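Student: I am new to this structure and would like to understand the words used to describe it. Could we go through them slowly, setting each value beside its definition?

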Amino acid sequence: MLVAHSNKNILVPFITFIFIITMLSAHAGQLNIQFENDGVFATDGNYTNGFSLAWESKPELAKLNSPHENMPKLFQFQYMIRLPLTQTQNAWGLKVSQRIWTPNNIRILTLQSSQRPYAGLFEIESHTADYGSTISQKNWLAFGVTGVKSKAEYVQTKIHDLIGSIPPLGWQFQVEEQVTFQLAYEVDALLFRSKTYSSKYMDDNQWEISGYSHLSLGNFNTEASAGLLLKWGTGLHNTFGRLSSHFGHTGNTTEVNSNDNFSIYSRFQLGYRVSDLTIEGELPYESHLDIQHQQAKAVLGMQWTIDNYAIGWSLNSYTRAYKSDDKSWYSYGSLTLSCTL
């Protein structure tokens, strides 16, 4: 018991230490805090809450066959397992995150074998990125844990107490503890970008259409997706590829050549999910849920960068995760706050 208690106490200081060492090695970068919650749509179920604290380095001109000198050794191997791109800037970063899933009805104290189980995931993740004006790529490496050690029950209970919401009653039936390992890769390619023009409210604005594909492999989930992104705003060539379908990824927009930029975007994607630990994970009861393999998602959002600060907001809708779910679509809101260090 003493060992277990000690391990829990050193987890947060250890992660904080990794963050500080990484940021000090680069002497710059952008810090991002992201909140996701379905309460925006007056619901509480399925994917219900997400939080991430992330940092990405200042983008620097990439070398074709080797990582930038300032890139820490921890990231150099990860950077090498990528496509060789030219005319890009490279960046790297770290993220700590937590996500929470629950049944649609959290008022029920007894188990709900026909509903999505309670599940939480705590992760620490590293990434490297190449950002160009017409093509970009990112990869991620993440380690995590599900079950009690994810602290999902603790966080949701405290938040609901704070806002006076319904207390979740079924966390004793959550997906059991398992260490997770994930690799993911995403590539963005520009299809069309208009010339800049001036309007009544904004100068030098333009619009673009790009395509992207995302692949995730691991024991938490394995899936592939592809989509289209329609974006309108300013400085699009400087911020191309900073948006992502990967949870918690926010590209550095406060340290690009043109700091002030604004954009509105809409994203549509289709995918195929092979596995999902939040549905198929070990449970203290027998579950008969079958994964809904075909997936779809639609996003409407905005990004605004002013000097050393940035804000992002989006509304996200996605299809059911398991076949017997009586709801076809779910939605949540996402808010990201960023600043230059």
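Student: Why is Ser 266 called buried?

Tutor: Ser 266 has a relative accessible area of 16%, and buried means under 20%, exposed means over 50%, and partly exposed lies in between, with a 1.4 Å probe and protein chains only; Ser 266 is therefore counted as buried. This is a predicted model, in which local features need pLDDT of at least 70 and side-chain atom pairs count only at pLDDT 80 or more, while totals for chains, interfaces and linings use all residues. Residues are numbered from 1 along each chain as its sequence is written, and side-chain values use heavy atoms, with hydrogens and water left out.

Student: What makes up the surroundings of Ser 266?

Tutor: Leaving aside residues up to four places away in sequence, Ser 266 touches Leu 228, Leu 229, Leu 230, Val 299 and Leu 300, where contact means heavy atoms within 4.5 Å. Ser 266 itself is found in strand S10, residues 261–276; strands (E, at least two residues) and helices (H or I, at least four) are DSSP runs, numbered from the N terminus.

Student: Which backbone oxygen lies 3.4 Å from a polar atom of the side chain of Ser 266?

Tutor: That oxygen belongs to Val 299. A polar contact is a pair of N or O atoms within 3.5 Å, where, within protein, one must be able to donate a hydrogen and the other to accept it, and residues adjacent in sequence count only if both atoms are side-chain atoms.

Student: Why does Asn 139 count as buried?

Tutor: The relative accessibility of Asn 139 is 6%, which is set against the limit of under 20%, so Asn 139 counts as buried. Asn 139 lies in strand S6, residues 135–146, and the side chains of Asn 139 and Thr 128 are joined by a polar contact of 2.8 Å. A polar atom of the Asn 139 side chain also lies 3.1 Å from the backbone oxygen of Gln 78. The C-alpha atoms of Asn 139 and Glu 186 are separated by 6.4 Å, although these residues are 47 apart along the chain.

Student: Is Thr 336 buried or exposed, and which side chain does its own side chain meet in a polar contact?

Tutor: Thr 336 has 10% relative accessibility and therefore counts as buried. Thr 336 is found in strand S13, and its side chain makes a polar contact of 3.4 Å with the side chain of Gln 34.

Student: Why does Trp 304 count as partly exposed?

Tutor: Trp 304 has a relative accessibility of 43%, and the partly exposed class lies between the two limits, so Trp 304 counts as partly exposed. Trp 304 lies in strand S11, residues 294–306.

Student: Which residues touch the most other members of the largest nonpolar core?

Tutor: They are Tyr 47, Trp 101, Phe 220 and Tyr 318, in a core of 14 residues; a nonpolar core is a set of buried Ala, Val, Leu, Ile, Met, Phe, Trp, Tyr and Cys residues joined through side-chain atoms within 4.5 Å. Strand S5 (119–131) and strand S13 (329–340) are the elements that give two or more residues to this core.

Student: How many helices and strands does the chain have?

Tutor: The chain has five helices and 13 strands, and 51% of its 341 residues count as buried.
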